[in-house]
Amino acid sequence: MAEQQQFYLLLGNLMSPDNNVRKQAEETYDNIPGQNKITFLLQAVRDASAAEEVKQMAAVLLRRLLSSSFEEIYPGLTVEMQTAIKTELLTGIQQETSPTIRKKICDIAAELSRNLIDDDGNNQWPEVLKFLFDSVNAENVGLREAALHIFWNFPGIFGNQQQHYMEVIKRMLVQCMQDQANPQIRTLAARAAASFVLSNESNTALLKHFADLLPGILQAVNESCYQGDDSVLKSLVEIADTAPKYLRPNLEETLQLCLRLCADTNLTNMQRQLALEVIVTLSETAAAMLRKHTAIVAQSVPQMLAMMVDLEDDDEWAMADELEDEDFDSNAVAGESALDRIACGLGGKIILPMIKQHIMQMLQNPDWKYRHAGLMALSAIGEGCHQQMEAILQEIVSFVLLFCADPHPRVRYAACNAIGQMATDFAPTFQKKFHDKVSEVISALLQTMEDQSNPRVQAHAAAALINFTEDCPKSLLILYLDNLVQHLHVIMVAKLQELIQKGTKLVLEQVVTSIASVADTAEEKFVPYYDMFMPSLKHIVENAVQKELRLLRGKTIECISLIGLAVGKEKFMPDASAVMQLLLKTQTDFNDLEDDDPQISYMISAWARMCKILGKEFQQYLPVVMGPLMKTASIKPEVALLDTQDMENISEDDGWEFVNLGDQQSFGIKTAGLEEKATACQMLVCYAKELKEGFVEYTEQVVKLMVTLALTVSRVRVAAAESMPLLLECARVRGPEYLTQMWHFMCDALIKAIGTEPDSDVLSEIMHSFAKCIELMGDGCLNSEHFEELGGILKGKLEEHFKNQELRQAKRQDEDYDEQVEETLQDEDENDVYILTKVSDILHSVFSSYKEKVLPWFEQLLQLIVQLICPNRPWADRQWGLCIFDDVVEHCSPSSFKYAEYFLRPMIQSLCDTSPEVRQAAAYGVGVMAQFGGENYRPFCTEALPLLVRVIQAADSRSKENVNATENCVSAVGKLMRFRPECVNVNEVLPHWLSWLPLKEDKEEAVHTFDFLCDLIESNNPIVLGPENANLPRIFFIIADGVSNESIKSEDACSKRLANVIRQVQTSAGLWTQCISTLNETQQKAIQDLLSTA
């Protein structure tokens, strides 16, 4: 008993507001053995004499214990103890008088049953099922509530008996939803029904069977909202998100209900926004289904606009010097976000015609709030209505510019917002298309920036200018550069004075970034203005040391480093060491900076720019820079496995992001500090790239860090992947042993990441890096376990590729299929093909490193690759399948011939394929057959020649889409003559081949053709040189074209050989004049360049 009393004290201390008391209690609690915890907690929950909050705390802890440590604790309990827990929980539900505690015990029972369903789906606690059936039919309302609550919390409670009990479950839910006497039972039953539907979202038959429960759920949504309870409405949002097809039979009613609730100003803002959320979510998860109900969508648009007008008059607004975070619960923000999402979801074809008239009317309204909302609406729909707005962009921009001179400052602010947003959404068309408009836009923004009495408007005009210049082509910006820079300078000087006199900084922060953005785009054209700005900027960094000026200081550091990068080393050098000293001083105070200090990420990026400017000279600063950089890159994000109930206490506003894992569980990751972490990782990549062997001191610690980054946000994972091959390059200087050691750290992590990465953009980066690493490390870098794991993963990726194609075909048969669905499917398809290209990259690196000995391993993938080149597959599949076989021939011959039966016929047939990409892959294959294949391929080389010639001589063979395939054919013919002359009548083909040169697009193949050309000239081939050297001018033309087109690089071996050919001609003055006179100026210069460099 005494122990239990002590435990109550401990529970009390766990709830203490005093941090130290609470911390100590948490330590004591953590040290109690798990089995004792269960006993103490259960006794506390069942103790009628204990205080309510103690019992609540005990119930929460017991549920968490079962959720997080079930496997460690429960199986170790005696059978009697396990039975006692089950009995106590069910008895507790029946006897508990407090509804709150009863609900918490239901949560514990649900958690226990979730863990007691075995791998075969048997519920190891049959009594709980009997309890559910008894309770749901009980007289006692509390017991009926309890049964529904347990079922809501864990709808999978029936395990493999679910099908057997289907009718009973349905009857039970219907009966409770019709309980006229008890509204709370109706609400709970609707939530339980929704929960059941959500947990069976992919079971189409079940969703159909339960379709007739939907009207009851909708009725409960309506009733509960007016009782001040939005839990059922939240369930409806979840259905729209996860199982939208369930709503199809009653979609009209669902939409009507949501529209009605959204329009009812008697409800709370939150409820109205949730009702709108159902419609908006459907536009994202079931766009095609919603597009059939455009009338209702059209009615929802004015609702969103009405919300956007819900603004407060605030006299202080225009003078605010601190930008408070937007109030995300406000109707105005919710309306704007809904509009943005529905435009992206349903597309501009549908949304723009619905909204155009409304916006025009709002912009003519005498009330500023309507004009503000109209402009914000224009900003919001730009992304979704991209195509449709682009067609009338000029009119829109002209119209919006008028509002930069509106009498109300908040309307001027909204006009700047619309211009800034459009400059981003429609870049670079916005900047390029309207030359006459560019000067208007710049002058309107500059004029608005001079609005001294409304700093907040000034700052927003500067922000719009940043968006505009970021995407503005350099050639265009230069025309307005002088005017722009002079204005920015005047404003900067004025605002610097204001900072000194009044301490206001908002506008200065934005102006400094505007200057940086202009310099970044103008590059070396900014040199003349450098001295106007640099002294003032250095002054800010030296003196803006107060806490409230941290952001200004950070942005100024960014600005200095961007200007340095723009004007280049020569101009920046005199200031470089002073700037480095300033940065170093900040860096030494770095350890005193708080973790959320905005200067950190600016500093980190500035260092990397300084590294680009100074090159190898930057190495001396690494010891100072690397400490804080590694610290930031190593920030450990808080992660947590949460269930639905924990999530109710944590909102996304606290900086948490959630990934739903299904079954009422979510994975939460705290995003604070992750942006900086991502930046830091990208900077480490930059150092490795710029400094190469100069970075070798740090490779080991950076590799160890990068390997641990698999569990963070996508930008960090991309940076980690990108860094791997670069770090290997850095480590090379230390010799092969050190290099191999580095690689061992990386290899497992990379292979594992390829198998588990969920985001396809990140996955492609990881695969690309892995392939590069294998090419760098070469033969022997993978052991047999690596090969086994990699084989399984690649096999999985290929199988998934085929499965996704089937799923897309099925969607094309769906009743909601329309042209917009097709667009989405094509995007998905491109994504899939991109991953296929990376599979091909990895195989390429393995074949080129391991040669023939890797073929037995490859055989597990053989049938899947053969499937890719079947004639009925899409062209991209055939292209990449052939590329993989090209690699097999190139790197694994003569053994490759044993697979000839699988790929030779398709390859020969593909030479005449309608798709140029497929032709290119096939032609390349013939070239490597000739060069590397060996004797067995001879008959196929003979067979391929006329087909190659046919492709080259086709009428449109040099058109943009065909030229690469054609050039590969030309190169293949060259390789046939060079490596398999017995298969070709060389004397007959050679004159034709010369007439097809030079190759302009495919640089790699151009090198092969020049090599062969050198062989022919050096052996004085009479056909190539022609009678009396008559062909030499033509050969000069081919060489000159190759140099000016950069097909021949001075480091290529053949460039020396070609230069020698030219020098030989130089010895005969007449011949030289004859050859040079046929060339234009560029070509003549190219010949001179070749002579001087080779």
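**Overall picture**

Analyst: Of the 1094 residues in the chain, 56% are buried (under 20% relative accessible area, with exposed over 50% and partly exposed in between; 1.4 Å probe, protein chains only). This is a predicted model, where local features need pLDDT of at least 70 and side-chain atom pairs count only at pLDDT 80 or more, while totals for chains, interfaces and linings use all residues. Residues are numbered from 1 along each chain as its sequence is written, and side-chain values use heavy atoms, leaving out hydrogens and water.

User: How many helices and strands does the chain have?

Analyst: There are 54 helices and 3 strands, taken as DSSP runs numbered from the N terminus (helices H or I, at least four residues; strands E, at least two). The C-alpha trace spans about 115 × 80 × 60 Å along its principal axes.

User: OK, helix 51: why call it largely enclosed?

Analyst: Because 10 of its 13 residues are buried. Among them are Leu-1032, Phe-1036 and Asp-1041.

User: Switching topic: where does Asp-315 sit, and is Asp-315 buried or exposed?

Analyst: Asp-315 is in the loop between helix 17 (294–308) and helix 18 (331–346). Asp-315 counts as exposed, because its relative accessibility is 77%.

User: What about Lys-616, which loop is that in?

Analyst: Lys-616 lies in the loop between helix 32 (599–614) and helix 33 (622–633). Lys-616 is partly exposed, at 47% relative accessible area.
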